[in-house]
Amino acid sequence: MMLDASFYSSINSKYEDAFGHDAGLLGFIQAILPSMPPESLVLDVGCGTGNPVATTLAAAGHRILGIDISPAMIELSRKAVPSGTFDVADMRHYTPPEGVQLDAVFNILSLFLLDREGIESMSKKWSAWLPDGGLLCICTIPAEDCAPEEKGKGYDADGLCARDIGFRFMGARTFITLFTRKGWAILLEKQGFEIVKTLTEMHLPPEDADSDSESHYFILAKKKA
């Protein structure tokens with residue numbers, strides 16, 4: 001099963017209850033803030049309810065653009081961050097408004113709808129959207145923490161990515177594609193990014209979220225000159 005916009009709209013605020021107070025994610029955002037110029041323009045890709053990424057960044061004085069495939073999630077983001085601009089859009093087809101110069105892109109737990117080729121395509125978009133010195137902030141799950149040989153179809157021939165890994169998420173059974181840590185390093189280097197910091201934290205959703213535990217892999221990268 002591949003989750004879609006209607007699924008995310010159906011869970012709306014329930015998602016925030018399960019994932020909006022992720023201590024590892026909150027710590028990652030706080031660690032990034034000192035690296036961001038004042039009043040940075042941030043694109044929050046897959047913004048969800050707006051919590052905690054957009055709310056935390058806005059509270060620190062940054063300007064927020066957010067996109068999500070779910071209209072219900074966008075409405076929640078608009079309420080959470082009235083100063084931001086949020087639009088219903090698919091990241092695979094999105095282009096920032098003409099004349100907009102981004103300072104940072106956040107793709108936090110929002111790449112799971114994409115296959116390997118889709119993630120590789122997104123990496124090209126990040127590189128095109130950001131200027132030299134721009135920040136890229138990612139939270140994903142590393143393939144090697146998920147036993148792809150048991151929960152999926154194993155690794156691709158190059159060992160950098162695993163496909164169709166089974167997960168329980170908000171009561172639904174889904175299958176996702178994940179890169180390894182080495183795979184992420186190679187992918188980002190290819191697109192002109194230098195990894196500045198990585199962090200791994202286990203997130204345990206509350207029992208009523210009906211979701212598997214997740215090993216969250218945080219990446220802070222900078223576009224090289």
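Which residues of the largest nonpolar core touch the most other members? They are Phe28, Met36, Leu57, Phe106, Ile108 and Leu178, in a core of 38 residues. A nonpolar core here is a set of buried Ala, Val, Leu, Ile, Met, Phe, Trp, Tyr and Cys residues joined through side-chain atoms within 4.5 Å. Buried means under 20% relative accessible area, exposed over 50%, and partly exposed in between, with a 1.4 Å probe and protein chains only. At least two residues of this core come from each of α2 (23-32), α3 (53-59), α4 (71-80), β4 (104-108), β5 (135-140), β6 (161-169), β7 (172-179) and β9 (214-223). These elements are DSSP runs numbered from the N terminus, helices being H or I of at least four residues and strands E of at least two.

The model is predicted: local features need pLDDT of at least 70, side-chain atom pairs count only at pLDDT 80 or more, and totals for chains, interfaces and linings use all residues. Residues are numbered from 1 along each chain as its sequence is written, and side-chain values use heavy atoms, with hydrogens and water left out.

Leaving aside residues up to four places away in sequence, Phe106 touches Ile32, Met36, Val42, Leu43, Asp44, Val45, Val53, Leu57 and Cys137, a contact being heavy atoms within 4.5 Å. Leu43 is also named in a second, separate core of 28 residues, which includes Trp126, Trp129 and Ile138 as well.

Four aromatic pairs occur in the structure. Rings of Phe, Tyr and Trp (its six-membered ring) pair if their centres lie within 6.5 Å; planes under 30 degrees apart count as stacked, over 60 as edge-to-face and the rest as tilted. The ring centres of Phe28 and Phe218 are 4.9 Å apart and their planes are at 35°, so this pair is tilted. Because Phe28 lies in helix α2 and Phe218 in strand β9, the pair ties together parts that are 190 residues apart in sequence. Phe28 is buried at a relative accessible area of 1%, and Phe218 is buried at 0%.

Phe179 and Trp184 form a pair with centres 5.6 Å apart and planes at 50°, so it is tilted. Phe179 is buried, with a relative accessible area of 3%, and Trp184 is buried with 1%. Together with Trp126, these two residues form one aromatic cluster.

Strand β9 also holds Glu214, which counts as buried at 6% relative accessibility. The C-alpha atoms of Glu214 and Cys146 are separated by 8.6 Å, although the residues are 68 apart along the chain.

Now the chain as a whole. It has seven helices and nine strands. Its radius of gyration is 16 Å, close to the 17 Å that the globule rule gives for 225 residues, so the chain is as compact as a globular protein of that length. The radius is taken over C-alpha atoms, and the rule is 2.2 Å times the number of residues to the power 0.38. Buried residues make up 53% of the 225. Of the contacts with a separation of 6 or more, 66% join residues 24 or more positions apart.

In the record, an unreviewed UniProt entry, the annotation "domain: Methyltransferase" covers residues 42-134; such annotations may be inferred rather than shown by experiment. The end C-alpha atoms of this span lie 10 Å apart, and the span is 33% helix and 20% strand.
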